[in-house]
Structures are given as C-alpha cells and as structure tokens.
Amino acid sequence: LLTLYLEAVAVTLDNRLEEGPVCTPGRSSEEDEILQTVFNKIYAPDLQLYVSQVHRKARMWWELTERLAHSSASRMPPGFQAYYDRQIRMDREKGPWRRFEDAIQSHTEAWQMVLDECGMALGE
C-alpha cells in the first residue's frame, strides 16, 4: 500500500511539474504556501521517518525470508517455489521489493525537483 501511495505522489508531482513552473520566483503564491506546508509539516517530519522505518523492517523480513528459502530450497513445494520466485525474491526486477525501492526513489526525486524549482530546502 505504501508503494502505491509513493508512486501516486511521484506521478502527481511529476504531472504538476509538466504543467509549468510550480513556484513563481520572487513571489509567494497560495500554491507555494500549500506546498511548503505539506512538505514541512507532513512529509519531512513524519512521512520520511515512516518510509525509512518501513523500508528497514521490510528489508530485514525479506532478507530473513530469502535466507530461509535458500536453506530449504530442496524441500520447498513447487507451489511455494513459484510464489517465492514471483513475490519474495529481492532480485526479481518487477517484484514487490524492487517496486517498493523504485517508488521510494521516484517519490524522493519528484519532491527534490519541486523543492529545487521552488528554491526550498528542508525546514524552510
């Protein structure tokens, strides 16, 4: 679910950037103030920390599950092997783990582009 939200925000920010400048240099608009509030009151203090915690704990789960799967590969039922290959393997290019990491990166890059365009930095 977090992956979906991160992807949606990245797409929303990217689409907004394609429409033209988000911020007007030298002038503060209502959109600038909303953007600053969302970033400084929600994203920076809460969401970044939450995403980091989820990423760290999910990585630990994925790594432990992979170790377990490797240690019992010879006894793994075919149905679970197929599930493992599709859903758990961390190195699967289009798997859930890769998609989650890609969503984090896209989300971060989209915010960075907006902040750069607006001359904003964390905590402003």
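A: The buried residues of α4 are Trp97, Phe100, Glu101, Ala103, His107, Ala110, Trp111, Val114, Leu115 and Cys118. Buried means under 20% relative accessible area, exposed over 50% and partly exposed in between (1.4 Å probe, protein chains only). This is a predicted model, where local features need pLDDT of at least 70, side-chain atom pairs count only at pLDDT 80 or more, and totals for chains, interfaces and linings use all residues. Residues are numbered from 1 along each chain as its sequence is written, and side-chain values use heavy atoms, leaving out hydrogens and water.

Q: OK, what do the buried residues of α4 pack against?
A: They pack against α1 (2-19) and α2 (30-71). Helices here are DSSP runs (H or I, at least four residues), numbered from the N terminus.

Q: Where does Thr3 lie, and is Thr3 buried or exposed?
A: Thr3 lies in helix α1, and it counts as buried because its relative accessibility is 14%. Beyond its neighbours within four places in sequence, Thr3 is in contact with Arg99, Phe100 and Ala103; contact means heavy atoms within 4.5 Å.

Q: Switching to rings: how many aromatic pairs are there?
A: The count is 7. Rings of Phe, Tyr and Trp (its six-membered ring) pair if their centres lie within 6.5 Å; planes under 30 degrees apart are stacked, over 60 edge-to-face, and the rest tilted.

Q: Which residues do ring pairs link into a cluster?
A: Trp61, Trp62, Trp97 and Phe100.

Note on methods: Helix = DSSP H or I, 4+ residues; strand = E, 2+ residues; numbered from the N terminus.
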